[in-house]
Amino acid sequence: MSTDTTASVSTHILDTSVGRPAEGVAVRLAARAGREAAWQALGGSATDADGRCKDLPALPEGTTHVRLDFEVEAYFEPEPATQQADAQQDAPANRDSETFFPEVAITFAVRPGEHYHVPLLLNPFGYSVYRGS
């Protein structure tokens, strides 16, 4: 929750390739106070069954920039049972084991007193972000 002296951040991930929330994606949060300042790691979380991170750390006073790092590679790695089923069903060639974007880093500016909800729309070959509400 933001106050007059800090901003707050929330996020969620929707896997657009299957039309469902992306569960279990690790998300790290970092902040800095000014363009020239060093990034300060604040901690992280993982998305829940609804694709949301409900427990991201609070931003320190004076934060001007925030970075969300999404570790998506592990999310897209097929489980052994899925690999076997795909092989038996002649799965499409685009189901290779490499993830095109193994990480997604989103950096944005913030102002005190504002809340920033930054959804990530994700698929194996691309992503999109926006400032939500």
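Student: Taking contact to mean heavy atoms within 4.5 Å, which residues is Thr63 in contact with, leaving aside its neighbours within four places in sequence?

Tutor: They are Ala31, Arg32, Ala33 and Val110. This is a predicted model, in which local features need pLDDT of at least 70, side-chain atom pairs count only at pLDDT 80 or more, and totals for chains, interfaces and linings use all residues. Residues are numbered from 1 along each chain as its sequence is written, and side-chain values use heavy atoms, leaving out hydrogens and water.

Student: Is Thr63 buried or exposed?

Tutor: Thr63 is buried, at 8% relative accessible area; buried means under 20%, exposed over 50%, and partly exposed in between, with a 1.4 Å probe and protein chains only.

Student: What does its side chain reach?

Tutor: The Thr63 side chain reaches the backbone oxygen of Pro60 at 2.7 Å.

Student: Changing topic, which residues touch the most other members of the largest nonpolar core?

Tutor: Leu68, Phe70 and Phe108 do, among 24 residues. Such a core joins buried Ala, Val, Leu, Ile, Met, Phe, Trp, Tyr and Cys residues through side-chain atoms within 4.5 Å.

Student: And which residues form the covered face of β9?

Tutor: Leu120 and Leu122 form that face, while Leu121 and Asn123 lie on the uncovered one. Strands are DSSP runs (E, at least two residues), numbered from the N terminus.

Student: How many bridges join β1 to β9?

Tutor: Three, and the two strands run parallel; pairing requires at least two DSSP bridges. Ile13 stands opposite Leu120 of β9, and Phe70 has both Ile13 and Leu120 among its contacts.

Technical notes:
Contact means heavy atoms within 4.5 Å. Helices (H or I, at least four residues) and strands (E, at least two) are DSSP runs, numbered from the N terminus. A polar contact is a pair of N or O atoms within 3.5 Å; within protein, one must be able to donate a hydrogen and the other to accept it, and residues adjacent in sequence count only if both atoms are side-chain atoms.
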